[in-house]
Amino acid sequence: MVNFSVMKLLALAHIPFLSKAWSFNSSSNGYSNTRRAFVEQVTSAATIGLLLVPKPVMASSTDVSVGGNIRFGGEDIMSPKAHGTSMIPVQENLRFGVSNKLADKICNYNRHFAEYSGYFRETSFEETVRKAKGPVTFYDSNTGKPLFVAPLGRSVDEFIEESRYHGWPSFRDQEVVWENVRVLKSSGETVSVDGTHLGHNIPSKDKRNRYCINLVSVAGNPV
């Protein structure tokens with residue numbers, strides 16, 4: 001049985017997707033200004049859409065409920081805390097060989113920017129996903145809480161292909177651990193309930209939610 005819900009989505013049908021723009025520029029040791037502009041364009045183009053959302057399922061490789069209706073959160077989630085928007089810094093030994101320095105900036109001291117497009121392809125992300133005997137669980141780089149489980153409802157090739165096309169690991173509603181993830185209505189910013197910046201919800205042309213997520217934000221180890 002499938003649950004149906006009506007929700008407010010960001011309409012991107014008339015906004016071309018930006019690949020390299022929108023990102024942290026490692027060569028200039030700073031952030032690109034284009035992502036802020038992109039997010040402002042997105043939020044000004046909000047519309048209403050219908051979304052089919054499956055009931056939550058229990059992921060076989062984890063003891064967490066995955067999928068279900070999108071869960072929105074307020075700006076208070078990202079209020080200043082002991083370490084930026086979080087209580088703690090990122091874990092010392094992050095997975096996939098990502099940069100701890102970059103991870104801490106993106107996760108805890110950032111609301112609009114991202115690792116550069118295609119960054120995940122320089123890590124062990126694809127190898128890990130392909131070698132796994134089932135869906136891979138992605139954990140908060142700060143707290144170690146499960147945030148996404150993928151691929152679910154699609155093949156490994158489809159998951160990787162979509163991520164490559166958009167430049168960041170791209171998750172769908174059925175792959176989100178909503179107990180630990182929220183989306184801010186005002187901007188589509190996708191965050192953990194503990195204040196970790198993860199990425200943004202950028203719906204596809206069919207108006208289904210697509211969460212473009214920084215790999216550095218979901219490279220934690222389970223605790």
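Is Arg 111 buried, partly exposed or exposed? Arg 111 is partly exposed, since its relative accessible area is 23% (buried is under 20% relative accessible area, exposed over 50%, and partly exposed in between, with a 1.4 Å probe and protein chains only).

Before the views, a word on the model. This is a predicted model, in which local features need pLDDT of at least 70 and side-chain atom pairs count only at pLDDT 80 or more, while totals for chains, interfaces and linings use all residues. Residues are numbered from 1 along each chain as its sequence is written, and side-chain values use heavy atoms, with hydrogens and water left out.

**View 1. Glu 75 and Arg 111 form a salt bridge.** Their closest N and O atoms are 3.0 Å apart (a salt bridge is a side-chain nitrogen of Lys or Arg within 4 Å of a carboxyl oxygen of Asp or Glu). Glu 75 sits in the loop between β7 (72–73) and α2 (100–108), and Arg 111 in the loop between α2 and α3 (125–131), so this pair links distant parts of the chain, 36 residues apart (helices are DSSP runs of H or I with at least four residues, strands are runs of E with at least two, and both are numbered from the N terminus). Glu 75 is partly exposed, at 43% relative accessibility. The structure holds 11 salt bridges.

**View 2. Salt bridges link Arg 154, Glu 162, Arg 172 and Glu 175 in a network.** Here Arg 154 meets Glu 162 at 2.5 Å, N to O, and also meets Glu 175 at 2.7 Å, N to O. Arg 154 belongs to the loop between β9 (146–150) and α4 (156–166), and Glu 175 to the loop between β10 (170–171) and β11 (181–184), so their bridge ties together parts 21 residues apart in sequence. Glu 162 and Arg 154 are buried, and Glu 175 is buried too.

**View 3. The rings of Tyr 116 and Tyr 119 pair edge-to-face.** Their centres are 5.4 Å apart and their planes stand at 90° (rings of Phe, Tyr and Trp, the last by its six-membered ring, pair if their centres lie within 6.5 Å; planes under 30 degrees apart are stacked, over 60 edge-to-face, the rest tilted). Tyr 119 is buried, at 8% relative accessibility.

**View 4. Ring pairs join Phe 96, Phe 120, Phe 125, Phe 138, Phe 148, Phe 159 and Phe 171 into a cluster.** Within it, Phe 120 and Phe 125 are both buried. Their ring centres lie 5.2 Å apart with planes at 80°, so this pair is edge-to-face.
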